[in-house]
Amino acid sequence: MGRSGFAGEFEQMVLLAILQAGDEAHAPAIAAELEGKAGRRVSRGALYATLERLEAKGWIRWQIGAPGEDRGGYRKRVFDLTDEGIATLRVARRAMQAMARGLEDVLTESTS
């Protein structure tokens, strides 16, 4: 699994948001993914602290992107997952699936 253990719920959401944002995975886009798909608002401070923690764990990396007009020509950090970050998500997904196995009748939402 790696040197840093399991990813917490919010860490998993941020990792998934980075994947969803793709080549545009800068902090505002990550926040937009979290709000739009998970219905979760996040402060800038909480997001940047989490991004720093994920980088320290070796699960993400960043590079400086091209300057954008939306930022007055300033460059922004664009994030992506490392192989270890993807492996971390896979482990978490398998664990959730194993824990939920046999509970479909309780966890499945009715359509009526």
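Predicted model: local features only at pLDDT ≥ 70, side-chain atom pairs only at ≥ 80, totals over all residues.
Q: How many residues does α2 have?
A: Helix α2 (residues 27-38) has 12 residues and reaches 16 Å from its first C-alpha to its last, close to the 16 Å expected at 1.5 Å a residue. Helices are DSSP runs (H or I, at least four residues) and strands are E runs of at least two, numbered from the N terminus. The expected span is 1.5 Å times one less than the number of residues.

Q: Which residues of α2 are buried?
A: They are Ala-27, Ala-29, Ile-30, Glu-33 and Leu-34; buried means under 20% relative accessible area, exposed over 50% and partly exposed in between (1.4 Å probe, protein chains only).

Q: What do they pack against?
A: The buried residues of α2 pack against α1 (9-21), α3 (44-56) and β2 (77-81).

Q: And which residues are exposed on the other side?
A: Pro-28 and Gly-36 are exposed there.

Q: What is Glu-33 in contact with?
A: Beyond its neighbours within four places in sequence, Glu-33 is in contact with Ala-17, Gln-20, Ala-21 and Ala-38, where contact means heavy atoms within 4.5 Å. The relative accessible area of Glu-33 is 18%.

Q: Changing topic, where is Thr-82?
A: Thr-82 lies in the loop between β2 and α4 (83-100), and counts as buried at 13% relative accessibility.

Definitions and conventions: Residues numbered from 1 in each chain as written. Heavy atoms only, no water.
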